[in-house]
Amino acid sequence: MQQFCEQLLNGLNLGSVYALIALGYTMVYGIAKMLNFAHGDIIMVGAYTLLLSSTRFGLPWYLAVLLCAVVCCVLGVSIEKIAYKPLRNASPLTVLITAIGVSYFLQSSALLIFGSNKQKVDSLIKIKGFTVNGINVSGESIVTLSVTIVIMILLTLFIKKTKMGKAMLAVSEDKGAAQLMGVNVNATISLTFAIGSALAAVAGILYMSSYGFVGPYTGSLPGIKAFVAAVLGGIGSIPGAMLGGILLGIIESMAKTYISTDLADAIVFGILIVVLLFRPTGLLGKKRIEKV
Amino acid sequence: MSLLQVKNLGINFGGLKAVDDFSVNIEKGTLYGLIGPNGAGKTTVFNLLTGVYKPSTGTFRLDGELLNGKKPMEINRMGIARTFQNIRLFSNMSVIDNVKVGLHNHQTYSVFDGVFRTPKYYREEKSMNDEAVELLKVFDLENEKNNLAFNLPYGKQRKLEIARALATKPKLLLLDEPAAGMNPNETEELMSTIRFVRDNFDMTILLIEHDMRLVGGICEEVTVLNFGTELAKGKTSEVLNDPRVITAYLGE
């Protein structure tokens, strides 16, 4: 029981990180109808920013967090402007290949600048954990979970309750019609990339606090898993990304403990296949009924 | 000065002149019809006037202001709104949210206000809500406000499109086949709604329509397009009886 609770907590912790990344995937997909495979590498950039600002130059934690978010936002928006915007009307395959290209570009740039060795990043989280009934609750878990919950609430409020949120929904439904209703589509898309990248920065910081090492390929596996989480929850759906991320984290953590560490990833991807067989739109995905 | 001044507007797609040398002046408060056989270029004219297509030749002005080459978003903000021939509502959003998207350019609160719920947010959100409900009432849609747009019956979807376009507070409203697919009763009702909008919103309306009862019933002036060029123009009753127009529609 004690082990189960601790693993559940670990799973929630990991799942929160996946969920934050998955939100970026799903929002960008919803609005720009593209899979931004460079999204995972934004985490890596965030992690390196943290390494330089906090571990090397000793900036206080709030400045380091702010810097990470700003760097990732600027990077995300620039990638959209430079690489994706000229392809707005190109075929989805072209955009997909470009996204993969951007991903390799970011990884190779990091390899060139920082070298291939993984480097130690000091955790920003200094809060001490506590023990209840023999269950260890780490400081990292407390911070990760609370940060994720706060972010999810703010994001939901933003989308449901502000005019920019409504503009986002409108753009995701019909770009052309939204434009003709006076919605600034380019600004809305940029905003989406900015929010998604800021979330990736936060995810990167939280990921570093638990795992502690950054290398040029740090972003790719969490990126792919978050993509799986987004598809599992229903790509394009924001609550779906949250649910998918948390579920994936718990499943992975449980599989590692009770089945096999080596098989954990296989189980995660296996579940994706099963879910897609029975619910192709994902758990919370919208069913599109075509009216005839 | 006319509200809308269109001069020699034209566009080529490759070698095809989809619209050629189209000119019209529409006075404020007019109900103006744009008719013609299928493929005559009517919707292309709308796409030119809303900035979806950039004209190859000619100019158009609203209230004296040159609009050529402006983006759809800018043109909308300067006062031209439209509906679509094939309905393009935000179908997975609620009825009232569709209208609110139209209203959103007239709100000034920031993201900060929205997320942290400042008094300003509540004040503006309330006035926006009231305004949206008011608009829905005009179209008899206030009881449907929380339904998803795609669950509305067809006739009401058409009305919601008009409400959404009006929410952007245009000076000129473009209606693309508003009566398409409606039965005679619904068309009758639509005609009085269009008149009501013109009179109560102080609106100038340019509409494309195939239903000649509607055109003859409410439009004061019409232009007939055929193969992208103007065939006839003038008072509705005169134009509809013009032998050239009848030939274009029915053949020799």
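This is a predicted model: local features need pLDDT of at least 70, side-chain atom pairs count only at pLDDT 80 or more; totals for chains, interfaces and linings use all residues.
## Overall build of chain B

Chain B holds 10 helices and 10 strands. Its C-alpha atoms fill a box of roughly 65 × 40 × 35 Å along the principal axes.

Of the 252 residues of chain B, 42% count as buried.

## Two domains

Domain 1 is made of residues 1-79 + 172-252, and domain 2 of residues 90-169. Their C-alpha centres lie 27 Å apart.

The two domains touch. Here 12 residues of domain 1 of chain B are in contact with 11 residues of domain 2 of chain B. On the domain 1 side, α2 (72-78), β7 (172-176) and α7 (184-200) of chain B each give two or more residues. The largest share, 4 residues, comes from α7(B). By type, the domain 1 side divides into 7 nonpolar, 3 polar and 2 charged residues.

## The antiparallel sheet

Four strands of chain B form an open sheet in the order β2-β1-β4-β5, and the pairing is antiparallel. Strands β2 and β5 (65-66) of chain B stand at the edges. Each of β2(B) and β5(B) has a single partner strand, so one side of each is left without a neighbour in the sheet. Helix α1 (residues 42-49) of chain B packs on this sheet, touching β1, β2 and β4 of chain B. The direction of α1(B) makes about 70° with that of β2(B).

What surrounds β7(B)? Burial gives the answer: 5 of the 5 residues of β7(B) are buried, so the strand is largely enclosed by the rest of the structure. In a regular strand, side chains alternate between the two faces of the sheet. In β7(B), B:Leu172, B:Leu174 and B:Asp176 point one way, while B:Leu173 and B:Leu175 point the other way. Both sets are buried, the acidic residue B:Asp176 included.

Strand β7(B) pairs in the parallel sense with two strands. With β6 (residues 80-82) of chain B there are 3 bridges, and B:Ala81 stands opposite B:Leu173. With β8 (residues 204-208) of chain B there are 5 bridges, and B:Asp176 stands opposite B:Ile208. The strand β7(B) also belongs to the elements on the domain 1 side that touches domain 2 of chain B.

B:Tyr249 lies in helix α10 (residues 243-250) of chain B. Is B:Tyr249 buried or partly exposed? With 15 other C-beta atoms within 10 Å, B:Tyr249 is partly exposed. A residue counts as buried only at 20 or more such atoms, and as exposed at 12 or fewer. B:Tyr249 and B:Pro178 are 71 residues apart in sequence, and their C-alpha atoms are 20 Å apart in space.

## Contact with chain A

Chains A and B meet through 23 residues of chain A and 24 residues of chain B. On the chain A side, α5 (139-161), α6 (163-173) and α7 (175-180) of chain A each supply at least two residues. Helix α6(A) gives the most, with 7 residues.

The chain A side divides into 13 nonpolar, 4 polar and 6 charged residues.

Conventions: Residues are numbered from 1 along each chain as its sequence is written. Chains are lettered from A and ligands numbered from 1 in the order in which they are written. Domain bounds come from an automatic or database domain assignment. Two residues are in contact if their C-beta atoms, placed from the backbone, lie within 7 Å. Ala, Val, Leu, Ile, Met, Phe, Trp, Tyr, Cys and Pro count as nonpolar, Asp, Glu, Lys and Arg as charged, and the others, Gly among them, as polar. Two strands pair if DSSP finds at least two bridges between them. Axes are lines fitted to C-alpha atoms, for helices over the stretch in contact, and angles run from 0 to 180 degrees between N-to-C directions.
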